[in-house]
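Hi,

Here is the structure I said I would pass on. Have a look at it first, and then read on for what turned up.

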Amino acid sequence: MMNAMTLHDFLQNEQQQGHLPDAEFTDLLQSIAESCRQIARAVNRGALTGNMGSLDSENIQGETQKELDVITNTIFLEHNQRSGHFAGMASEEMELPYEIPAEYGNAGKYLLLFDPLDGSSNVNLNAPVGTIFSILSHHGKASPQMADFLQAGDAQVCAGYALYGTSTMLVLTTGFGTHGFTLDEEKQHFVLTHHAMQIPADTQEFAINMSRQKLWDAPVKRYISECLQGAEGPLGKTFNMRWMAAMVAEVHRLLIRGGIFIYPADQELRDKGGKLRLMYEANPMSFLVEQAGGLSTTGDQRMMEVQPGSLHQRVPVIMGARHEVTRLQGYHQPTADAS
Ligand code: FDP
């Protein structure tokens, strides 16, 4: 690619245009990009280094941790705690917020929340996995408390993900569009390849785990049934279906070619609130999707307005093409015609 803009140059430009919260953000995001590059390498070398197995331990979600879950969590923590920009961090893999040791500088203005290895059941299959992150402002002292992290998605100053697929990509937003960068493996830096990504308002593609159909509530059953009726049904168009089993890959598809992604709360998941985590999965992805012209909701409420009650809270997720998300959200209204 001739004259491609590097992530570094892009961030400098954004800084000059006032699209970054402050001058230190270029360095902060370069540090995150570097940790994603290291994770890409760890994931890529997985089988060669014998790191593909499961551990005996469970994370706070009660899920069996894979060796790579723990390794990638450590990479992200260790790399970013040294940047000096963060007051604290929280991860899917740790029950409580992580306290940054004082010697690294723990008086930064930001909090970092992340899922180091999203879709980790894909690891052994050599299928896509990713890292998701969300950055919040922190106005308090060093050693932030749990309550400092519990900010609604609208308070995010930046969100992004890295996708470890056929190529490694970094996709991010600071509230001025959603932009994608591809890792140049030869030069080992990220290059702007997808400027101002857009999700078309209409779509003919949905993504949902169909094996849970009998557990869904009426609004989701109705919507998917209408999609499956195709051109002869009430939606008047034929739908395609995809399921990647990794949220990063699903959202990336929305940003590349559109669609709607749904992970509802169902009969089995209702007590937990849903499957996906609000603070480091649904919120950052919602920020990226909205910045690309899409919508994201729980069905009852715009995702980024949900006031979190706990760090590892789960939520139902409906996100993507504006018209289809609006339609399914409408089916959740008490007045919706159930036909
Ligand atoms: P995983 O548990 O493998 O990390 O984060 C939860 C998640 O993956 C999402 O990335 C993915 O969309 C979903 O779970 C997959 O769910 P299914 O097991 O129902 O396919």
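This is a predicted model: local features need pLDDT of at least 70, side-chain atom pairs count only at pLDDT 80 or more; totals for chains, interfaces and linings use all residues.

Helix H5 (residues 218-228) and helix H8 (residues 322-331) have axes that come within 8 Å and cross at roughly 135°. H5 and H8 are therefore oblique to each other, and their crossing is right-handed. On the H5 side the contact is made by Pro219, Val220, Arg222, Tyr223 and Glu226, and on the H8 side by Glu324, Arg327, Leu328 and Tyr331. Sorted by class, those residues come out as five nonpolar, four charged and no polar.

Now to the other end of the numbering. Helix H1 (residues 7-16) packs on helix H2 (residues 25-44) at an angle of about 155°, and their axes are 10 Å apart. That is why H1 and H2 count as roughly antiparallel. The crossing is right-handed here too. From H1, Leu7, His8, Leu11, Gln12 and Gln15 meet Thr26, Leu29, Gln30 and Ala33 of H2. This contact has four nonpolar and five polar residues, with no charged ones.

H2 has another partner, helix H3 (residues 67-81): the axes of H2 and H3 come within 9 Å and cross at roughly 155°. So H2 and H3 are also roughly antiparallel to each other, and H2 passes H3 in a right-handed crossing. Among the H2 residues involved are Ile32, Cys36, Ile39 and Val43, while H3 brings residues including Leu68, Ile71, Ile75 and Phe76. By class, the H2 and H3 contact has nine nonpolar, six polar and one charged residues.

Stepping back to the whole chain, where do the domains lie? The domain assignment gives domain 1 as 7-194 and domain 2 as 205-331. Their centres, taken over C-alpha atoms, are separated by 23 Å. And how many residues of each are in contact? For domain 1 the count is 49 residues, and for domain 2 it is 32. Between them the domains bury about 2,900 Å², with 62% of that on carbon and sulfur atoms.

Key. Residues are numbered from 1 along each chain as its sequence is written. Side-chain values use heavy atoms; hydrogens and water are left out. Axes are lines fitted to C-alpha atoms, for helices over the stretch in contact, and angles run from 0 to 180 degrees between N-to-C directions. Helices (H or I, at least four residues) and strands (E, at least two) are DSSP runs, numbered from the N terminus. Angles under 35 degrees count as roughly parallel, over 145 as roughly antiparallel, 65 to 115 as roughly perpendicular and the rest as oblique. A crossing is left-handed if the near helix is turned anticlockwise from the far one by less than a right angle, and right-handed if clockwise. Contact means heavy atoms within 4.5 Å. Ala, Val, Leu, Ile, Met, Phe, Trp, Tyr, Cys and Pro count as nonpolar, Asp, Glu, Lys and Arg as charged, and the others, Gly among them, as polar. Domain bounds come from an automatic or database domain assignment. Buried area is the accessible area (1.4 Å probe) that two parts lose on being put together, summed over both.
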